[in-house]
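The report below describes a two-chain model by its elements, their packing and their contacts. Please keep the sequence and the structure in view while reading.

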Amino acid sequence: MGTIAAPLVLGEEERLRPPSTDILIRHMRDYSQVGIDLVGQRQLIFIFAAALAGFYYDLRLAVTLLVMIGFSELFDLWVFRKVIRSEATDTAAAHRHLALLCIGTVISSSVIVTYAVGIAILQGPTTHFLPLFFLFAASLFAAMNNHQLLPVLFIRLAMYGTAFLFIPIRDVVITQAPIRSELWAQLFTSVFVLFFVVDCSRIYLRFYRSQILQFQALQKEHELSRAAYKAKTEFVSTMSHELRTPLTAIKASIELLDAGKLGDLPAQAKLAVGLAQKNSDRLLNLITEILDLQSVETNVMQFDIARIDILDAIRDAVTEIEPYSQRLSVDFDVSLPSEPIYVKADRKRLIQVFSNIASNASKFSPPGSTVRIRVDTDGDRVAVKFIDQGIGLTEADHRKVFDPFTQVDSSDTRKIGGAGLGMSISKRIMDALEGTISYQRNSDIGTTFFVTFPRWDAARPS
Amino acid sequence: MANDTPLILQVDDEEDILAVSKLALEAVGGLRIVQCSSGAEALQSAPRENPDLFLVDVMMPHMDGIETLRRLRSIEGFENTPAIFMTAKATAQDREILMRSGAEAVITKPFDPLTVASDIVAIWAASRQSQPGEATEA
């Protein structure tokens, strides 16, 4: 069951409260499993004990007891198997099983008690080394291996304890020994040892119970966090859907107005409609980004992996961003090799990553500057570089760049626009596609963003 | 009756979506459209109006789009009527599930009101081609 870090100190109420059915079934399973595991060890002990008894005291007694313990073991094993195989979870079945286990305990304990008391009687009033030590060993065995089930432990200790006391008491009674006789010393010693064995058992029991409690606490915590996670995922998914519905009505109305399909608009009305159009687009993009971020974070984003010409993807991304960059008066200088370079990726997401970096590069570049795009191959990897002339990003900015919702300079948010989600999505996409995305401050001015991939040949599965 | 554009039966629980769809499809797109605000209403309306195409919203209370389409198609005469789902759910998995529920196409919300009419006509024409000889009017 693993190691114990620190024993839970159980209060009196907790120790004495009867366990619920689930816990009882678990205890019974544990006990039965231990019973089955130790069957070999037990038989060795019985054979050894019988051999000693047969050789030194009485062969008939030894053989009889060996046969009786044989039956007892068979009964026990049958019950253990039954308990472990059983799928029943109702209280009635559990109590039936418990009754069977207790019956088995009474039977095997009786045989062991008969053994010890039998030999003690044959010995007559004297020091009873063999029987008392065997009883002591049996009690310790019970403490170590029966602590899972309180009733069973109780029965064993009660029966062994009674025999343990009966033997020296019988001696004292038969011989009417005076208090200074060694027979009385034997009796007092028995009582003392009995207390010790009971205490031992209590401690084992406590350890075992605390382990179970700890395990249950961990399980509960796990369930809670799973539920919270699921709730969050469902919330985002539902909200995304809920937000798109009114947005549909807004965008469709605005787009029809803007396109002049619902009549001519005076100049200022056109302006207002244009503003509404632009901002409802922004809203829609934000919702899409949030959903993207959510799905890539929870590993449910689906990728359509194929052999992609990375140069093609770069050209498409630039085409997509060009109108935006033109408005910011930023140019692209794209210089690519003539031969296609293949990687294993999802084309749509790859373009999304490139567009995102290119648009960021434009956004943070001063008007009139140029963003250069280059491709380098280095052995089995290919690197796409986006070199801008804007504010140089430092190592310290790393978190701000890649964390969702933060922009490097938040005071700029309103002027530059965007929610700052793109980079964090891009990073996660690259992680999922087994590539990397990083940046470096340029020695002269600006930043270079690197997107690296293993090449198709290197990435091809064997 | 013009046979080159379909009579559309649209089902959506959102009033405003119906209103804006009517604008885009009828006023601007020149298509004929009958609108219902629930699956139950649609099941009543279909035998009466005899549409050529179903345009079904997916997320509806009581009877969702998939169930509505299934029931519409089980009405005699409508087993092969082409259908298009409209949905705000945008993931690839959602699309896949909808396509497997027997629709010809899936339109995501927000839709483009300038092209949605011609898109629908194209989808309807394509489905007609794969079912030659089918009577389109009772």
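Which residue in E7(A) is the bridge partner of A:Gln440? The bridge partner of A:Gln440 in E7(A) is A:Thr448.

## Basis of the model

This is a predicted model, in which local features need pLDDT of at least 70 and side-chain atom pairs count only at pLDDT 80 or more, whereas totals for chains, interfaces and linings use all residues. Residues are numbered from 1 along each chain as its sequence is written, and chains are lettered from A and ligands numbered from 1 in the order in which they are written.

## The sheet of chain A

Five strands of chain A form an open sheet in the order E2-E4-E5-E7-E6, with mixed pairing; strands here are DSSP runs (E, at least two residues) and helices are DSSP runs (H or I, at least four residues), both numbered from the N terminus, and two strands pair if DSSP finds at least two bridges between them. At the edges lie strand E2 (331-335) and E6 of chain A, each of which pairs on one side only. Direction ignored, neighbouring strands of this sheet are turned by 20 degrees against each other on average. The pairing of E6(A) with E7(A) is antiparallel and runs over six bridges.

## An enclosed helix

Helix H14 (residues 422-432) of chain A is largely enclosed by the rest of the structure, because nine of its 11 residues are buried, a residue being buried if 20 or more other C-beta atoms, placed from the backbone, lie within 10 Å of its own. Among the buried residues of H14(A) are A:Met423, A:Ile425, A:Lys427 and A:Arg428.

The buried residues of H14(A) pack against H9, helix H11 (347-363), helix H12 (398-402), strand E6 (436-441) and strand E7 (447-454) of chain A. Just after H14(A), A:Glu434 takes a positive phi of about 65 degrees.

## A helix pair in chain A

The axes of helix H7 (residues 150-175) of chain A and H8(A) come within 9 Å and cross at roughly 175 degrees, where axes are lines fitted to C-alpha atoms, for helices over the stretch in contact, and angles run from 0 to 180 degrees between N-to-C directions. H7(A) and H8(A) are therefore roughly antiparallel to each other, a term for angles over 145 degrees.

In the contact between these helices, H7(A) contributes residues including A:Leu150, A:Phe164 and A:Thr175, and H8(A) contributes residues including A:Leu183, A:Trp184 and A:Leu205. By class, the contact of H7(A) with H8(A) has 16 nonpolar, five polar and one charged residues; Ala, Val, Leu, Ile, Met, Phe, Trp, Tyr, Cys and Pro count as nonpolar, Asp, Glu, Lys and Arg as charged, and the others, Gly among them, as polar.

## Chain B and its interface

Chain B has five helices and five strands, and from the N terminus on its elements run β-α-β-α-β-α-β-α-β-α. Strand E1 (residues 7-11) and strand E2 (residues 32-36) of chain B pair in the parallel sense over five bridges, with B:Gln35 in E2(B) as the bridge partner of B:Gln10. Of the 138 residues of chain B, 38% count as buried.

Between the chains, 17 residues of chain A are in contact with 19 residues of chain B, contact meaning that C-beta atoms, placed from the backbone, lie within 7 Å. Helix H8 (182-258) and helix H9 (267-297) of chain A are the elements that give two or more residues to the side of chain A that touches chain B, and the largest share, 11 residues, comes from H8(A). By class, this side of chain A has seven nonpolar, six polar and four charged residues.

Key
Contact = placed C-beta atoms within 7 Å. Buried ≥ 20, exposed ≤ 12 C-beta atoms within 10 Å, placed from the backbone. Parallel < 35°, antiparallel > 145°, perpendicular 65-115°, else oblique.
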